[in-house]
Amino acid sequence: MIFAGKIGSSIGAELGSMKVTEQIDAMEVSGTNPFKYLVATRVLACTLMLPVLVMLGDSISLYGAYLGVNIHTNTSFILYWTQVFDNLVFGDVLPAFTKSFFFGFAVGIIGCYKGYNSSKGTEGVGRSANSAVVVSSVSIFVIDLLAVQVTDILGY
Amino acid sequence: MKSELKLDIKSNKVLIIINLSKSFGNNQVLKEFNLELLGGESVVVLGKSGSGKSVLIKCIIGLIKPDHGSIHIFGHNIPDLDHDELDQIRAKVGFLFQSNALYDSMTVRENLEFPLRRYWLEISQMEVDKMVIDALEDVGLAHTLDMMPAELSGGMRKRVALARTLILKPEIILYDEPTTGLDTITSKEIIELMVEIQQKYKTTSLIISHDMNCVRMASERVVMLIDGKCYASGTYNEIIQSVDPKVKLFFE
Ligand SMILES: Nc1ncnc2c1ncn2[C@@H]1O[C@H](COP(=O)(O)OP(=O)(O)OP(=O)(O)O)[C@@H](O)[C@H]1O
Ligand SMILES: [Mg+2]
């Protein structure tokens, strides 16, 4: 969700301002497909990096949890991690990890779409950044909803 | 197509626009606009703000699809071309955007290298560097090579944009209001630069403007775009002596 806010709005605003200052038209005229050059790269980056971000976030929170446990009892670091991995089942990790690809893709594509189609004028840029955040947040809810259904059906 | 091409070479018409029309919703911007451009000629299209000058020039470069009419450049009708064919024409037609359209996340050098991307397999980095330096020297800004567009003044940005247009040595250059937003002295410098480039590279120029200095100094012929049509045309001296009230409005 934070990713949607931060990345969605920045992509929306960046492409939006490139659109209104005719930079996208200029690329088109210089023989570079702006769609490939700007949109495809950003969507790919979002799709690949959000899962990495999720893993990083998970590791940090597990480490935080270890510190919490360590305050009360004197658990060894190794014991904690073996416990964690013993209790984690495939079904916990895989769906969450897979989902994050879709989230990343959605945020990327919506940010780009909103920016690319932003209307003339500076307020068009603001509007596209804003609606990129709103639409991608909503889409994360929807994807999450679908993902839960799918994992249910697959029986994880 | 072929016979047409031969005809163009003979009569030396590089750009022919016939009955060009374009509307946005109910707003009919261009109504059967006609224009012909001879090789090496410098023509100024004069029209008030909102008269559709930018729409006209964007139709020529294929960024806007016209509703009706044809635009022949070197014998090819722009609205009929597919993407690759259009791209080949665009390599020969430079476009200077009204807003400069410099890529503000790139340095001046990277901005100038951008149009060369289409040849990146064919030319070496050394040649690219040389072309970049040459183009920047043409506009007198060799020292800005590694600066960002945001660090430049308005006049300098216009020059960099012009250098980026020049880097492919286009045969036709389309200027969309090259002096708007600049002070009189800087405008004059830009106009002088345009005339200099025109003479140095023998380019054909189509200049869109409402700046009288620009019209006076850079035009061999003036075309008045009024009510979406080519309303009147002639040399600067002919146009300023016109008795037509709509034309006279521009010279008061
Ligand atoms: N993409 C578009 N969608 C809808 N209307 C447009 C679009 N582009 C231009 N117009 C309309 O076309 C008309 C002409 O616009 P254009 O930008 O060509 O004017 P101009 O002659 O270049 O003016 P200026 O001197 O201010 O640059 C305007 O009324 C504008 O509202
Ligand atoms: Mg304009």
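Trainee: What makes the span of helix H5 (residues 90–116) of chain A close to the expected one?

Mentor: H5(A) has 27 residues and reaches 39 Å from its first C-alpha to its last. The expected span is 1.5 Å times one less than the number of residues. For H5(A) that is 39 Å, close to what the helix reaches. Elements are DSSP runs numbered from the N terminus: helices are H or I with at least four residues, strands are E with at least two.

This is a predicted model, where local features need pLDDT of at least 70 and side-chain atom pairs count only at pLDDT 80 or more, while totals for chains, interfaces and linings use all residues. Residues are numbered from 1 along each chain as its sequence is written, chains are lettered from A and ligands numbered from 1 in the order in which they are written, and side-chain values use heavy atoms, with hydrogens and water left out.

Trainee: Why is B:Lys22 called buried?

Mentor: Buried means under 20% relative accessible area, exposed over 50%, partly exposed in between (1.4 Å probe, protein chains only). B:Lys22 has 12% relative accessibility, so it counts as buried. It sits in strand E1 (residues 13–24) of chain B.

Trainee: What makes H2(B) mostly covered?

Mentor: Seven of its eight residues are buried. Among them are B:Lys53, B:Leu56 and B:Ile60. Just after H2(B), B:Gly62 takes a positive phi of about 85 degrees.

Trainee: What covers the buried residues of H5(A)?

Mentor: The cover includes H1, helix H3 (34–72) and helix H6 (122–154) of chain A. The buried residues of H5(A) include A:Phe103, A:Val107 and A:Ile110.

Trainee: How do you know how much area chain A and chain B bury between them?

Mentor: Buried area is the accessible area (1.4 Å probe) that two parts lose on being put together, summed over both. Here that is about 1,500 Å², 53% of it on carbon and sulfur atoms. In chain A, A:Glu22, A:Gln23 and A:Val29 lose the most area to chain B, together 37% of what that side buries. The contact takes 13 residues from chain A and 20 residues from chain B.

Trainee: Which residues of the lining count as charged, polar or nonpolar, and how many of each does the largest pocket have?

Mentor: Asp, Glu, Lys and Arg count as charged; Ala, Val, Leu, Ile, Met, Phe, Trp, Tyr, Cys and Pro as nonpolar; the others, Gly among them, as polar. By that rule the lining has five nonpolar, 10 polar and eight charged residues.

Methods: Contact means heavy atoms within 4.5 Å.
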